[in-house]
Amino acid sequence: MRRCLQLARCGAAGAPPNPMVGAVLVAEGRIIGEGYHRQCGGPHAEVNALASVRERDLIPRSTLYVSLEPCAHYGKTPPCADLIIRERIPRVVVGCRDTFARVNGLGIRKMQEAGIEVVVGVLEQECRWLNRRFFTFHGEGRPWVTLKWAQSRDGFIDRRRADASVPPEMLSSPFTQVLVHRLRARSQAILVGTRTAFLDNPSLTTRLWPGPNPLRLTIDRHGMLPADLRMFGGDAPWHVYPTGDVDEILSDLHRRGIQTLLVEGGATLLQTFIDAGRWDEARVETSPVTLGTGVAAPQIEGAWMRSRQLIDGHTIDWVERRREGEVKSLYSFTPWRSTLLPPMEHAPQADGARSS
Ligand code: AOF
Ligand code: ZN
């Protein structure tokens, strides 16, 4: 199954909006075939794995490992479950169930009814994590939501500015800015609040990274945004919501087939997503700069820190929403608080602190 996951990732560029899937055929204790889903609309992982087998007489004595439940429906390609039955594979090990409504257990049932021994749930967490965007889209009816902000080391995302004549505080370094553009290129849509669209006047493009521009989105309840904002210019598409209702926006994005949304600010909009529990991960960059006062960074209660990197003196944390009742191993996850680096001068003195 680990090999399936490895293979699946090879489809990262071509598979979406389909899931990334890998498949391995094992007989006599060795791999006799393997494949992955390369391209949306193209053959599925199982088809490619079967096509790669040279010792075809071993197929009816083999075990098929596949990271996602084989499909049972006619989509752009015929059902993999039927192919598996036709090839007389006696045993199938499935990483995780496909929650896409037209499959969702039907592939497993079809194979079982044909007398195939089916094992479900091997490296299930890893398999679900790999296709978290796909599963959130189909399972929760909304895109996977990534929050992104940069803060000063004392927890402010900007100075207080009354108008757009004062440029926003640059908290990213030139290099971490490039990383943000890479993140944009990997998102299908990007959303900013009214004030951010107006005051920061961002272009929301991926000009520092090769890759497609996301659909640029903002909110304008009172029709006050000028038409000459940068985000309405250039070649990349844009759309303005007349509502700030997070669920309405997310349902609309689901209707548009958008699986990934990046929310880039400002603090009010980010906090709305956090308070509504409609977010999945956050990328928080903490700059070595101290602002002293300004617009406070969003506050997250109860989150996991997935990773922390130090780049050019900037801390980049990837944080995950903690789901109800969720237990994670503290070996790979650390509880996370929004403001991790209090300003030195205000740092609380530990009780009984030693004096040197
Ligand atoms: C599999 N193996 O490798 C993949 C699966 O339009 P289609 O025919 O390509 O079907 C797309 C759906 O099939 C997709 O939404 C997901 O449920 C499943 N993807 N299934 O058995 C694969 N990529
Ligand atoms: Zn399939």
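In this predicted model, Gly266 is located in the loop that connects β11 (260-263) with α10 (267-275). The peptide bond that links Gly265 to Gly266 is cis, its omega being about 0 degrees. A further cis peptide bond runs from Pro16 to Pro17, with omega near 5 degrees. Pro17 also belongs to a loop, in this case the one between α1 (2-9) and β1 (22-27).

Four bridges connect β6 with β11, and the two strands run parallel. Within this pairing, Val263 of β11 stands opposite Leu147. Strand β6 also pairs with β12 (residues 281-286), again in the parallel sense, and here six bridges are found. Arg283 in β12 is the bridge partner of Lys148. How enclosed is strand β6 by the rest of the structure? Of the eight residues in β6 (residues 144-151), seven are buried, so the strand is largely enclosed by the rest of the structure. A residue counts as buried here if 20 or more other C-beta atoms lie within 10 Å of its own.

Attention now turns to the backbone at two asparagines. Asn104 has a positive phi of about 25 degrees, although it is not a glycine. Its position is in the loop between β4 (91-96) and α4 (106-113). Is Asn104 buried, exposed or partly exposed? With 17 other C-beta atoms within 10 Å, Asn104 is partly exposed, because this class lies between the limit of 20 or more for buried residues and that of 12 or fewer for exposed ones.

Asn201 likewise is not a glycine and has a positive phi, of about 45 degrees. The loop that holds Asn201 lies between α8 (194-199) and β9 (215-219). Asn201 has 15 other C-beta atoms within 10 Å and is therefore partly exposed.

Which residues come nearest to ligand 1? Among the 17 residues around the ligand, the nearest are Val21, His44, Gly75, Lys76 and Phe100. Considered by class, the shell around ligand 1 consists of nine nonpolar, five polar and three charged residues.

Definitions and conventions. Residues are numbered from 1 along each chain as its sequence is written. Chains are lettered from A and ligands numbered from 1 in the order in which they are written. This is a predicted model: local features need pLDDT of at least 70, side-chain atom pairs count only at pLDDT 80 or more; totals for chains, interfaces and linings use all residues. A residue is near a molecule or strand if its C-beta atom, placed from the backbone, lies within 6 Å of it. Ala, Val, Leu, Ile, Met, Phe, Trp, Tyr, Cys and Pro count as nonpolar, Asp, Glu, Lys and Arg as charged, and the others, Gly among them, as polar. Two strands pair if DSSP finds at least two bridges between them.
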